[in-house]
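Dear colleague,

Please find below the structure that I am handing over to you. My notes on what was found in it follow directly after.

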2 protein chains.
Amino acid sequence: MAKPRKHPRPKAQTPKGFRDYFGAEVTQRTEMLHQIAGVYHRYGFDALESSAVETVEALGKFLPDVDRPNEGVFAWQENDADWLALRYDLTAPLARVYAQHRNDLPTPYRRYAMGPVWRNEKPGPGRFRQFYQCDADTVGTASMAADAEICAMLSDTLEAVGIARGDYVIRINNRKVLNGVMEVAGILDPADPEKFAHERGIVLRAIDKLDRLGPDGVRALLGQGRTDESGDITQGAGLAGTQAETIMGFMDARRETGQATVERLSELVQGSSVGEQGVAELEQIADLLAAQGYGPDRIIIDPSVVRGLGYYTGPVYEAELTFDIFDDKGRKRQFGSVAGGGRYDDLVKRFTGQEVPATGISIGVDRLLAALREKGRVKAVEHGPVVITVMDRDRMADYQQMVAELRNAGIRAEVYLGNPKNFGNQLKYADRRNSPVAIIEGGEEKQRGVVQVKDLILGAQIAENATLQEWKDRPSQVEINRGDLVATVREMLANHGIGQD
Amino acid sequence: MAKPRKHPRPKAQTPKGFRDYFGAEVTQRTEMLHQIAGVYHRYGFDALESSAVETVEALGKFLPDVDRPNEGVFAWQENDADWLALRYDLTAPLARVYAQHRNDLPTPYRRYAMGPVWRNEKPGPGRFRQFYQCDADTVGTASMAADAEICAMLSDTLEAVGIARGDYVIRINNRKVLNGVMEVAGILDPADPEKFAHERGIVLRAIDKLDRLGPDGVRALLGQGRTDESGDITQGAGLAGTQAETIMGFMDARRETGQATVERLSELVQGSSVGEQGVAELEQIADLLAAQGYGPDRIIIDPSVVRGLGYYTGPVYEAELTFDIFDDKGRKRQFGSVAGGGRYDDLVKRFTGQEVPATGISIGVDRLLAALREKGRVKAVEHGPVVITVMDRDRMADYQQMVAELRNAGIRAEVYLGNPKNFGNQLKYADRRNSPVAIIEGGEEKQRGVVQVKDLILGAQIAENATLQEWKDRPSQVEINRGDLVATVREMLANHGIGQD
């Protein structure tokens with residue numbers, strides 16, 4: 001950009017990758033977050049709202065690139081001193097908060113947080129650089145009961161906001177089990193964690209492609225590699241046949257019940273101590289969930305959950321919506337993941353040197369809200385206010401009195417405050433606001449002590465498809481005594497199922 | 001700051017001037033904003049959440065200083081292109097939003113917005129660089145009915161959140177009336193607005209000091225100036241006696257009723273067309289408010305309201321809490337202003353060239369919340385969850401079952417997830433969480449099918465001040481059948497007035 005000179009007219013635009021949210025977009029999200037907070041609160045989690053601005057040093061992730069600290073985050077330097085940045089998630093700030101306030105916080109510390117986070121990434125269609133997250137974490141306990149609790153809470157949360165049981169599933173896996181399988185397959189040496197890192201990377205990516213390539217494609221990637229339809233060659237991990245079959249067996253380890261899956265995994269990791277520990281952890285979680293009545297209709301152990309494993313140190317979980325939707329091209333697909341998380345035990349150590357175990361989830365607020373809209377679980381249409389039209393601009397006080405009566409009765413209402421000269425514009429305005437009712441009181445009505453009440457919803461229905469007889473039988477406009485205003489409007493709104501505040 | 005080298009341990013601290021909010025601090029604010037949004041919604045205002053990040057050019061205020069655009073705001077340059085910044089209020093973004101989306105928005109556009117804003121200012125005690133605002137504005141109408149509506153809504157809002165009638169007053173003034181008085185006093189020439197600007201500045205500051213200096217002090221400042229107790233000399237505006245008396249008469253123009261005040265102001269501005277227009281506007285607002293029943297017990301016309309006048313083009317309003325509080329030094333003082341606003345008609349013009357009239361208010365969220373706490377109108381204490389203690393760590397599933405029962409009954413509850421070895425630590429934890437009830441089930445209880453339920457609130461009361469007899473009569477711990485867990489806990493909570501979710 002050329003620097004602006006001498007007050008040119010500024011462009012009225014959000015920066016690239018940012019957007020505004022209007023009306024129901026805001027209130028639906030607020031309502032959903034309110035419902036989520038209710039569940040979190042019932043589980044004993046406390047609210048936390050940390051500062052949106054952190055020092056780059058506290059955010060941590062970007063430290064290696066000190067000369068260009070704003071890679072990935074929005075950052076600026078303060079008076080040649082600290083670099084500050086907008087938080088990119090709610091987990092890094094939790095680590096800072098816990099380290100800073102740990103002497104004043106209970107242990108374990110259960111906290112939830114909701115709010116915007118910012119990513120300095122290239123914006124794309126539907127990808128924004130500011131979006132909401134909604135997290136719950138338990139800091140300071142290594143107990144698997146904390147992980148089980150988070151999964152149960154996630155299940156309750158999804159149902160509380162309107163995702164029916166059966167329309168979602170929470171999958172649990174464990175990073176340690178995968179490590180155990182790698183060890184058994186001979187591509188992880190606990191004594192030398194760096195060894196075979198390249199091969200493990202290929203294996204992880206291959207597992208992640210199971211859906212798309214099928215078992216044979218994955219098997220090829222575990223072995224010598226694979227040539228796709230275009231002729232491109234993807235290098236394989238170079239595993240021998242028995243090694244590859246161990247990995248394939250892992251992906252295929254899911255059984256009818258959690259208990260059977262755990263038993264199968266137990267066989268696969270035999271001899272690997274980390275693997276056995278991982279299986280034991282999964283078993284504990286499954287037992288704890290069963291005790292609370294969370295069966296496989298809600299939460300399952302699924303060894304094929306790989307996504308994000310690299311970040312975590314133990315159990316990982318993911319909530320997936322299982323109903324079908326149709327994409328832009330009319331193709332049926334599953335809605336997919338709306339929340340994910342896991343155990344990450346190195347959270348606070350960077351600050352204090354002490355290891356502090358922690359586990360938690362993050363809900364993708366915008367995706368979950370999109371799912372609820374898809375399922376019709378949020379009000380698709382938000383009704384506007386009752387509009388009192390202005391027939392005589394010198395009698396504004398009369399109209400204000402009407403609106404005060406309606407508002408005091410809890411009815412959303414307003415006086416038209418634009419230029420009243422053209423009455424048609426007033427009705428157009430009411431239409432644009434999606435108003436259910438309009439009130440009309442001209443000078444002649446005023447003299448007779450009456451007002452006209454126009455049912456705009458009924459009027460629209462009649463205009464759309466009523467016969468002449470229906471039109472006569474169901475007048476959409478009624479004349480009433482001025483004193484009956486509140487009662488008449490209330491009844492008209494109730495007829496359309498519109499509640500009061 | 002020296003650039004961090006080779007991963008030193010980062011400091012766990014918010015940047016200077018930022019802070020975190022915990023538990024009830026967050027939920028009380030959320031609850032208050034929810035109540036405010038309810039009133040705004042009932043008045044027909046629509047929610048808007050604009051992007052937190054704007055281009056510096058759109059924010060506007062800082063344009064003259066293009067080489068140092070982060071004066072006053074947190075700003076950064078994006079890849080040698082646009083300068084971006086965090087919004088410093090909710091009004092500048094509204095102007096941008098309205099200019100950008102005006103073809104899709106109704107006219108007039110009533111919108112409310114709530115959220116954090118950021119100021120790059122020197123932090124001080126109690127002064128933070130991130131804080132909440134909560135605004136309501138009507139864009140696109142010059143009608144005084146919009147201003148009257150905002151004042152009525154502000155009154156309803158204060159009462160809705162818990163400020164009793166009589167504990168607040170909304171004062172209205174009009175920038176044009178003051179200009180008219182200045183014109184009559186001969187220090188404003190409508191043909192040459194810049195003339196006497198220096199004198200008018202002194203007059204404005206003098207008016208603002210009426211409370212502190214009294215009429216004689218102000219009179220001195222309007223004339224030759226004033227020497228304070230320390231001997232410091234403040235230069236005066238140099239007005240002649242009759243000029244000064246005109247200004248003094250303005251400050252003193254408030255009468256018993258709005259009508260009488262308007263009449264007095266009318267005399268004072270006689271001959272100034274802008275002044276007469278301002279008085280007529282005040283009169284209209286007063287009439288409209290009277291029609292809705294908002295009398296001088298809630299809203300008054302008060303010519304002494306000066307604060308912020310420079311920013312506005314017409315009516316200005318301010319909500320003040322009138323009850324006394326005691327400051328840090330034990331001195332009685334009034335709580336003061338919690339909201340303010342007015343009409344500013346040049347809002348959108350910068351972007352589009354067209355004049356768009358607008359009026360609105362901003363509520364100081366943190367100050368209002370502080371006032372509610374002061375008056376005991378928010379729950380001072382937030383109760384923690386019921387804590388199920390862990391007597392036998394192998395029976396975690398039993399405890400999880402209990403907690404699931406309680407949560408399903410809508411009771412906030414959790415299992416202790418710290419190290420269960422030391423039972424005393426579990427009770428200390430419950431104490432720190434401010435838990436009302438603790439549940440205990442050891443192996444022996446399990447065998448007998450009973451649990452111990454400990455009323456921690458009653459226990460604390462007894463420990464504090466009960467006689468031995470009371471202690472015997474009101475045992476704070478009861479043994480109950482395992483099957484009666486939910487009913488017993490529910491009753492215990494109800495005894496202490498603790499509701500369920």
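**Strand pairs and sheets**

In chain A, A:Trp76 has A:Leu84 of strand 5 standing opposite. Helices and strands are DSSP runs, numbered from the N terminus, with at least four residues (H or I) for a helix and at least two (E) for a strand. Two strands are said to pair if DSSP finds at least two bridges between them.

Please note that this is a predicted model, in which local features need pLDDT of at least 70 and side-chain atom pairs count only at pLDDT 80 or more, while totals for chains, interfaces and linings use all residues. Residues are numbered from 1 along each chain as its sequence is written, and chains are lettered from A and ligands numbered from 1 in the order in which they are written.

Strand 4 of chain A and strand 5 (residues 83–86) of chain A are antiparallel and share three bridges. They belong to an open, antiparallel sheet of three strands in chain A, with the order 3-5-4. Its edges are strand 3 (53–55) and strand 4 (75–77), each of which pairs on one side only. From one strand to the next, the twist averages 30°; for such angles, axes are lines fitted to C-alpha atoms, for helices over the stretch in contact, and the angles run from 0 to 180 degrees between N-to-C directions.

Strand 7 (residues 130–139) of chain A is mostly covered, as seven of its 10 residues are buried. A residue is buried if 20 or more other C-beta atoms lie within 10 Å of its own, exposed if 12 or fewer do, and partly exposed in between, with C-beta atoms placed from the backbone. Strand 7 of chain A pairs in the antiparallel sense with strand 6 (residues 109–118) of chain A over 10 bridges, and A:Trp118 stands opposite A:Gln130. Strand 7 of chain A also pairs with strand 14 (residues 358–364) of chain A, again antiparallel, over seven bridges; here A:Thr138 has A:Thr359 as its bridge partner.

In chain B, five strands form an open sheet with mixed pairing, in the order 16-15-17-18-19. Strand 16 (413–415) and strand 19 (477–481) of chain B each have a single partner strand, so one side of each is left without a neighbour in the sheet. The twist in this sheet averages 25° from one strand to the next. Strand 15 (residues 386–388) and strand 17 (residues 437–440) of chain B run parallel and are joined by two bridges, with B:Ile388 and B:Ile439 as bridge partners.

**Where the chains meet**

How many residues of chain A are in contact with chain B? There are 88 of them, in contact with 89 residues of chain B, where a contact requires C-beta atoms, placed from the backbone, to lie within 7 Å. Helix 13 (residues 396–408) of chain A gives the largest share of chain A's side, six residues. That side has 41 nonpolar, 26 polar and 21 charged residues; Ala, Val, Leu, Ile, Met, Phe, Trp, Tyr, Cys and Pro count as nonpolar, Asp, Glu, Lys and Arg as charged, and the others, Gly among them, as polar.

**A helix with a buried face**

Among the buried residues of helix 6 (residues 197–208) of chain B are B:Ile202 and B:Val203. Seen down the helix axis, the buried residues fall within an arc of 135°, so they line one face of the helix; the arc is that of the directions from the helix axis to the C-beta atoms. They pack against helix 7 (210–222) and helix 8 (241–251) of chain B. On the other side of helix 6 of chain B, B:Ala197 and B:Gly201 are exposed.

**Details of the backbone**

A cis peptide bond joins A:Thr107 and A:Pro108, with omega about -5°. Likewise, B:Thr107 and B:Pro108 are joined by a cis peptide bond, with omega about -5°. A:Phe196 is not a glycine, yet has a positive phi of about 65°. A:Phe196 is partly exposed, with 18 other C-beta atoms within 10 Å.

Yours sincerely

Key:
Two residues are in contact if their C-beta atoms, placed from the backbone, lie within 7 Å.
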